[in-house]
Amino acid sequence: MSSMQSDSSANVTFVRPATFFLNGFSNVPHAKYYYVFLALVYFVTVLGNSFIMCIIYLARRLHTAKYIAVFHLALSDLCGSSVLIPKIIDTFLFGHHDISYEVCFVSMFFVYHFMNLQSLTLLVLAYDRLVAICFPLQYHAIVTKPATLLIIGVMWIVSMAYFSVHVGLLTRLSICSSNVVNSYFCDYGPVCRLACNDNSLNLLMGKICFGFLICLPPVLIIISYFCIFLALLKIAHGVDRIKAIKTCTSHLILVAVFYLPILSNNIAAATTPIHPNARIINNSLTQIIPPMLNPIIYTLKTEEVMQSIKELYKRSKVNTTSEKIMKFSVRN
C-alpha cells in the first residue's frame with residue numbers, strides 16, 4: 001500500500017499516512033457487474049436531476065418557494081452522486097485504490113455535506129407542506145422565495161461549518177496500525193477505527209452526526225405530518241381532503257426512499273451480524289439509489305411538474321412549426 005510518514009514530539013509518535021488504501025469491494029465476487037450497475041445509476045441520476053432542474057428553470061409556474069427547495073434537492077442529489085459514484089468506479093474498476101491523506105478527508109467532507117443537504121432539504125419540503133395545509137391563508141406570506149433562499153443559505157453555512165470540524169478532528173488521530181479503509185469511500189467510522197491514540201472525541205462526534213443527520217430530521221418530519229393529519233381531519237369535504245393528501249404523496253415517498261434504507265441498515269448492523277460484503281453493498285445502495293429515484297418520483301407524482309412538461313413540449317412544438325412555416329415562406 002503506501003509508506004507512512006512519522007513525526008515525533010514529547011516521546012509520543014504521531015503517524016500520518018501518506019495515503020489510504022480503499023478496500024471496500026475488493027472481496028466482493030463478480031463486482032464488475034456492480035460497477036456497470038453503478039455507471040447506469042449515475043447516468044440516470046445525472047439525466048433525471050438535470051431534467052428536473054431544467055424544467056423548474058424554464059417553467060414560470062414553477063418559480064415558487066416550494067420549487068426552489070425541489071431544485072436544491074435535485075442539485076444536492078446530483079452533486080452527492082458526482083462526488084461518490086465516479087470515484088467508486090475509478091477506485092475499484094480501474095484499480096486506483098490508493099487515495100492521498102488530504103484527498104481522503106476532502107472527499108469525506110463533500111460526501112457527508114451533500115448527504116446532509118439532501119436530508120435537510122426533505123425537512124424544508126415537510127415544512128412547506130405543513131404551512132400549506134395547516135395555515136393555507138398565511139402560506140404565501142410565510143413561505144416566500146427570499147425566506148426559502150435564506151433557509152437554504154443557512155443550511156449550507158451550518159453544514160459546511162459542522163463537517164469542517166467533524167472531518168478536521170480526524171487529523172488529530174495517529175494512524176499507525178494500518179492504512180487500509182474497509183469501505184468504498186473514505187468513510188468516517190472505518191478511518192476512525194484505524195487510530196492508535198484516543199479517538200473517543202471522534203466517536204462522540206460520529207454519534208452526534210448520526211443523531212442530527214439521520215435521526216432528528218425524520219422525527220421532525222413525522223411531527224409535521226402528525227400536525228398535517230390533524231389539520232386534514234378538520235377538512236369537511238372529502239374531495240378537498242384527498243386533494244390535500246395528493247400534494248404530500250411525492251414528498252412522503254421521497255422521505256421513505258431516503259430514510260428507511262439508512263435506518264434499516266443501521267438497526268440491522270446494531271442487532272444482527274452482517275457479512276462485510278453485504279454491509280458495504282447495502283450502504284452504497286442507500287446512498288446512490290435515492291438521488292436516482294427522486295426526480296423520477298417528482299416528475300411522475302407531481303401534477304404541477306407534469307403540467308409544466310406538457311406546456312413546455314407544446315411551446316417547443318409550436319415554435320418548431322412556426323420556424324418551418326417562416327422558412328417555407330422565405331423560400332417562396
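Predicted model: local features only at pLDDT ≥ 70, side-chain atom pairs only at ≥ 80, totals over all residues.
**Disulfides**

A disulfide is a covalent bond between the sulfur atoms of two cysteines. A search of the whole structure finds 2 disulfides. The table sets out their geometry.

| Cysteine pair | Sulfur separation | Angle about the S-S bond |
|---|---|---|
| Cys-104 and Cys-186 | 2.0 Å | -125 degrees |
| Cys-176 and Cys-196 | 1.8 Å | -135 degrees |

The link of Cys-104 and Cys-186 is left-handed. This pair joins distant parts of the chain, 82 residues apart: Cys-104 belongs to helix H3, whereas Cys-186 lies in the loop between S5 and helix H6. Cys-104 is buried, because its relative accessibility of 0% falls under the 20% limit. Cys-186 is likewise buried, with a relative accessible area of 1%.

The link of Cys-176 and Cys-196 is also left-handed. Here the two cysteines are 20 residues apart, with Cys-176 in the loop between helix H5 and S5, and Cys-196 in the loop between H6 and helix H7. Cys-176 is partly exposed at a relative accessible area of 40%, and Cys-196 is partly exposed at 41%.

When the bonded cysteines are numbered in sequence order, the pairing is 1-3, 2-4. Cys-54 is in no disulfide, and the nearest cysteine sulfur, that of Cys-79, is 14 Å away. Cys-54 is partly exposed, with a relative accessible area of 44%. Cys-209 is in no disulfide either; the nearest cysteine sulfur belongs to Cys-215 and is 10 Å away. Cys-209 is buried, with a relative accessible area of 7%.

**Paired strands**

Strand S3 comprises residues 19-22, and both of its faces are covered. Thr-19 and Phe-21 are buried on one side, while Phe-20 and Leu-22 are buried on the other. S3 pairs with strand S4 (residues 98-100) in the antiparallel sense over 3 bridges, and Phe-20 has Ile-99 of S4 as its bridge partner. S3 is also joined to strand S5 (residues 180-181), which runs parallel to S3, by 2 bridges. In S5, Val-180 is the bridge partner of Phe-21.

Helix H3 spans residues 101-134 and includes Leu-122. How is Leu-122 placed, buried or exposed? Leu-122 is buried, because its relative accessible area of 2% is under 20%. Beyond its neighbours within four places in sequence, Leu-122 is in contact with several residues, among them Leu-73, Ile-221, His-251 and Phe-258. The C-alpha atom of Leu-122 is separated by 23 Å from that of Gln-307, which lies 185 residues away along the chain.

How values were computed
Residues numbered from 1 in each chain as written. Heavy atoms only, no water. Helix = DSSP H or I, 4+ residues; strand = E, 2+ residues; numbered from the N terminus. Buried < 20%, exposed > 50% of the residue type's maximum accessible area, 1.4 Å probe, protein only. Contact = heavy atoms within 4.5 Å. Pairing = 2+ DSSP bridges. Disulfide = S-S within 2.5 Å.
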